[in-house]
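Me: Please take a close look at the ligand site in this model. I would like the contacts, the cover and the surrounding pocket set out with their cut-offs.

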Amino acid sequence: MSDLSITELSNDLRAAVEKLERRDGLEEVGVVVRVGDGVAWIHGLRKAGYSEMLEIESPHGSVDAFALNLLEDEIGAVLLGSDKNVIAGATVRRKGTVLEVPVGPELLGRVIDPLGRPLDGGEPIKTKQTGIVEREAIGVMGRKSVHEPLMTGIVAIDAMFPIGRGQRELIIGDRQTGKTALAIDTMINQARQKTGVVNVYVAIGQKLSKVARLVERLKQEGVMDQTIIVATSPSDPASLLYLAPYAATTMGEYFRDNSQHALMIYDDLTKHAVAYRQMSLLLRRPPGREAYPGDVFYLHSRLLERSAKLSDELGGGSLTALPIIETQAGDISAYIPTNVISITDGQIFLETDLFYQGIRPAISAGLSVSRVGGAAQTKAVKSVSGNLKLGLSQFRELASFAQFGSDLDESTKSLIDRGQRLTELLKQPQYQPLSIWQQVASISAVSTGAFDEVPPSRVKDAQAALLSKLTSDHADEMKQLDSGDKPDEKTTALIEKTARATAKGFKEAL
Ligand SMILES: Nc1ncnc2c1ncn2[C@@H]1O[C@H](COP(=O)(O)OP(=O)(O)OP(=O)(O)O)[C@@H](O)[C@H]1O
Ligand SMILES: [Mg+2]
């Protein structure tokens, strides 16, 4: 005993450990030597593996923990419950399993914590199946390239930065720039367009009042039936925040593996990295850059690798990911943002300046990109949005000259005019995702020049008038357009003609 490297062992504790050493089976049973800040240090359990479940006895029932730091003479384990009742000297057993959570359609419509315990006051969760929380990602052979659209209903995204099923697209920006709003609208759009895509929204360290408001809204919009909310609040132990995205991904994978489609929203991974840093420092892992442990890249890469479009042999299901990252003063070159940017297939960058100019969603045309979604873009939207991105970024560069209107040459002036109208058109209020035909008609109104005479301040009104005219007079053609196929010449001409007629009523600024 004397060579035990822990000095602060109390006499009681020494006795407990001695008693244990005399017994066989130290591999299976251990004893808590220290506990605090949600971490228990355990002597014994030599055979425990990484991320294995442990059960710690306490006077008020057992507390679960999982082993994360495997050292020579002790194990650092993270508690999944409160550390209040766990005392030094308590017996610890291996459960012989890794962490699993309930999965299945029974979770739809529910608000749960990462371990599948209800937070909505409803019935306890009973599912037929469970899934391993830290599952490995599917290999290359089990995948297929991304080719089906995941429509967000946000014109700026679907037209310029299309997202495909199985893709990982980062939403990044400072606080209060509309990051969550984009994700929510995307969820709502899945219900409006009846895509059948299941939403899994993960709130990482968010106030539960905020989550409750979100759930209320999703209910109103009729989206909750196809949604699972996995929530953790700032007062939860860091371990629970750490587990949240992995556990939720396991829940999403159930649908992917059953030939269905699921959309993961991780809101947000900045807080996730902070929770992991906190956990790691408590486990006394050496701090690295910005005090994050050295494996913080792996933290998010192994999570986002699980998004995939599966091969036909595996059923063709998909898991799409929209991770969210909060930046400080627009700095996308900080540690965690650069990591996640390099892991994902593109990013939607939200700019604070645009947000305060009233350009909402505040999507930066220059810094946003979607690397794989082009192949998946809806043909109808693709057919009208070819030059949008270039035009818009050129316009934003030139916008500062707009005030010298009369001194500009014709081509610059027309670029600015078009850009102004396009910027107005791409403004989109919250909770109003647009369907395919609405997007196609809106974009063509500006790109064909039909709205050139409409003053920028009235573009939104003209757009609304155009959409309602098309709904009332040409419902069949628009329904056909909603199938996503490239519009035929007749439909294209019809939209342009209606747009020109509509524009006539909006020539004067109000
Ligand atoms: N397209 C929009 N049009 C009008 N208002 C919007 C739009 N998008 C977001 N907002 C408003 O902007 C505010 C911030 O939005 P949101 O909460 O989505 O931002 P966030 O970046 O997720 O913030 P946080 O950093 O706090 O998580 C909210 O009040 C929201 O209603
Ligand atoms: Mg948010």
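Reply: What follows describes the ligand site, then the pocket around it, and ends with some backbone details.

The model is predicted, so local features need pLDDT of at least 70 and side-chain atom pairs count only at pLDDT 80 or more, while totals for chains, interfaces and linings use all residues. Residues are numbered from 1 along each chain as its sequence is written, chains are lettered from A and ligands numbered from 1 in the order in which they are written, and side-chain values use heavy atoms, with hydrogens and water left out.

Around ligand 1 there are 15 residues, a residue being near a molecule if one of its heavy atoms lies within 4 Å of it. K179, T180, A181, Q428 and Q430 come nearest. By class, this shell holds 3 nonpolar, 6 polar and 6 charged residues; Ala, Val, Leu, Ile, Met, Phe, Trp, Tyr, Cys and Pro count as nonpolar, Asp, Glu, Lys and Arg as charged, and the others, Gly among them, as polar. Helix 3 (residues 179-192) gives the most to the shell, with 3 residues. Helices are DSSP runs of H or I with at least four residues, strands are runs of E with at least two, and both are numbered from the N terminus.

The space taken by ligand 1 is the largest pocket. On a 1 Å grid over the protein atoms alone, a pocket is an open set of points where a 1.4 Å probe fits, with protein on both sides within 12 Å along at least five of seven lines; lining residues have an atom within 4 Å of a point. A molecule sits in a pocket if more than half of its atoms lie within 2 Å of its grid points. This pocket holds about 1,000 Å³ of space, the volume being that filled by probe spheres set on the points. Its lining has 41 residues, with Q176, T180, A181, K210 and D267 nearest the centre. Helix 4 supplies the largest share, 7 residues.

As for the backbone, the peptide bond from D267 to D268 is cis, with omega near -5°. D268 lies in the loop between strand 13 (261-267) and helix 6.
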